[in-house]
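The sequence and structure come first.

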There are 2 protein chains.
Amino acid sequence: MNESELLKKILPVFHIASDVTVPPGDDCAMLEFGGKYLLAAADQLISNVHYLYDTAPELVAAKLLKRNLSDIAAMGGIPRWALLTLAVKGRSDEWLERFFAGLEDCAEKYNTAIVGGDLAGLPNDLDCASLTILGEAEPDKVCLRKNGQVGDHIMVTGQLGDTFYTQHHLNFIPRLKEGRFLAENGLTRCMMDISDGIASDLPKLLEQSGKGAVVALEKLPCCNGCTVEHALSDGEDYELLFTVAPEKVDLLYKLWNFDVPLSCIGKITEDKGLIYTLNGKAIDNLEITGYEHFNA
Amino acid sequence: MNESELLKKILPVFHIASDVTVPPGDDCAMLEFGGKYLLAAADQLISNVHYLYDTAPELVAAKLLKRNLSDIAAMGGIPRWALLTLAVKGRSDEWLERFFAGLEDCAEKYNTAIVGGDLAGLPNDLDCASLTILGEAEPDKVCLRKNGQVGDHIMVTGQLGDTFYTQHHLNFIPRLKEGRFLAENGLTRCMMDISDGIASDLPKLLEQSGKGAVVALEKLPCCNGCTVEHALSDGEDYELLFTVAPEKVDLLYKLWNFDVPLSCIGKITEDKGLIYTLNGKAIDNLEITGYEHFNA
């Protein structure tokens, strides 16, 4: 089974407590606590899977935190706290100190406090790092994968693809400001981050919304002129994918005051399934699968 | 550096946000949110470090959750939610399904909802699992390592040592009911769980309290007649270590209505340092170090 298939089997195993406002399956869970709403998500980084073993430890630590911050951004939330566990072998004290200094630098930049964690040794030369992010959102503003409506424009921030050679997979900026802006201004209620490529991630949004989509390939913001196949299937864009009601699109462009480009790449449809078009004609011979992080 | 030395270097790196009521360094952090107080801790399990590779997956999953529940117990708190990340290689779909079923069984037993997580593949045949636990506590009841007072009796629940051959390290019961009872009844404000052995853990409590202790070796509840060295230094007891003011000890024994035995093993002293005695005579030739999980 791949990760998606496995998750379909696993997620129904877990009971949903009454204080779990958004259950597992979105970018974050949302939990009612003290009359407010906590966001929670966890993600991990493995050496030679998510980064090369000789990557600077500061960049590794920042990537781990930023991956999680990207999940908070995708809910339109505000990050608050994070907990880290790290299992390593063969890393020097200097490497570890640089890792933690890099984590703190990144945490300060995004107003996140590191509040706990654990260190363990591994039997093999390998790093295995896991981080849980906690944040805050409002139930009337939070952006969920299930909220896509027929006729909504499908938008993406930034550029897609070519994430490895450009070092984007390490140097990306989580779209916290942009995600918060969209949520606060009511411009979307349907958002996720792109971590496995649109070809893999958009179907997750469509499935939860119970809708389909048409995506116009000529409108994809392909990074450095990469192919559309690459822009659709490369992992680790960490851009936002969201839907906007047609009557709000003008307002969105008017208010959008960020350096990050916006692209409208398609529309939500009643008919389920994802159709790619090129200049208005349906394309059905693309070889695209999305990026698979889980390959045990 | 060992884990304690490393933590002493790492912890000061992190800033303490104003909403962090109890910073990293205790069993859990305590975070103010919506006028209530959230507990948060993270811990991990590595195959062939924390369990043998062929251990039943249900037991592995339960151990991971229970280790974290033990940290909630040590604060006198109530568990609420958990997030899991799992990185594996060479595990069958059946193994994974059993792991998650075991996790849910344990979560239901302790009123904890699994609300998020991630799966990833590893390059080596290895499991690396990390769990973050979230719970609730009250600032006027929470039990912290720093609250030990001179003259307090030092108490432990259950028996110590021999955790591997008895399978206690897999089958232990996190002392949630007992921890909550102690906190709710104001019987202690100073508690931690014993995960690395008293010889390693009690000094952490003493350091944060700025105090010392005398421990009477003949009073140690040695499991199956194991040696005092073993009872002091074996890892994974997951029992509670707490202090009780002398005037509350009678009330504690009167109210204690659990199957779990209680032992008074010593007293908190003004003089710093940890002194072991045997029938009133100081012993200074014990070879005890505590259990070291971090050995990178």
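## Surroundings of Arg145(A)

In this predicted model, Arg145(A) contacts Gly25(A), Asp26(A), Asp27(A), Cys190(A), Met191(A), Met192(A), Lys204(A), Leu205(A), Gln208(A) and Ser209(A), leaving aside its neighbours within four places in sequence. The residue belongs to the loop that joins strand E6 (127-137) and strand E7 (153-157) of chain A.

Is Arg145(A) buried or exposed? Arg145(A) counts as buried because its relative accessible area is 11%, and buried means under 20%. Its side chain forms a polar contact with the side chain of Asp27(A), at 3.1 Å.

## The seven-stranded sheet

Seven strands of chain A form an open sheet with mixed pairing, in the order E8-E10-E7-E11-E9-E12-E13. Its edges are strand E8 (190-194) and strand E13 (281-283) of chain A, each of which pairs on one side only. On average, neighbouring strands of this sheet are turned by 30° against each other, direction ignored.

Within chain A, strand E9 (residues 212-216) and strand E11 (residues 262-269) are paired in the antiparallel sense, over four bridges. Opposite Ala213(A) stands Ile268(A) in E11(A).

## Helices across the strands

Two helices of chain A are described here. Helix H5 (residues 176-184) of chain A lies across E8 and strand E10 (239-244), and runs at about 15° to E10(A).

Helix H6 (residues 198-209) of chain A lies across E7, E8, E9, E10, E11 and strand E12 (273-278). The angle of H6 to E8(A) is about 155°.

Terms used. Residues numbered from 1 in each chain as written. Chains lettered and ligands numbered in written order. Predicted model: local features only at pLDDT ≥ 70, side-chain atom pairs only at ≥ 80, totals over all residues. Heavy atoms only, no water. Buried < 20%, exposed > 50% of the residue type's maximum accessible area, 1.4 Å probe, protein only. Polar contact = N/O pair within 3.5 Å; in protein donor to acceptor, adjacent residues only side chain to side chain. Contact = heavy atoms within 4.5 Å. Pairing = 2+ DSSP bridges. Axes fitted to C-alpha atoms, helices over the stretch in contact; angles between N-to-C directions.
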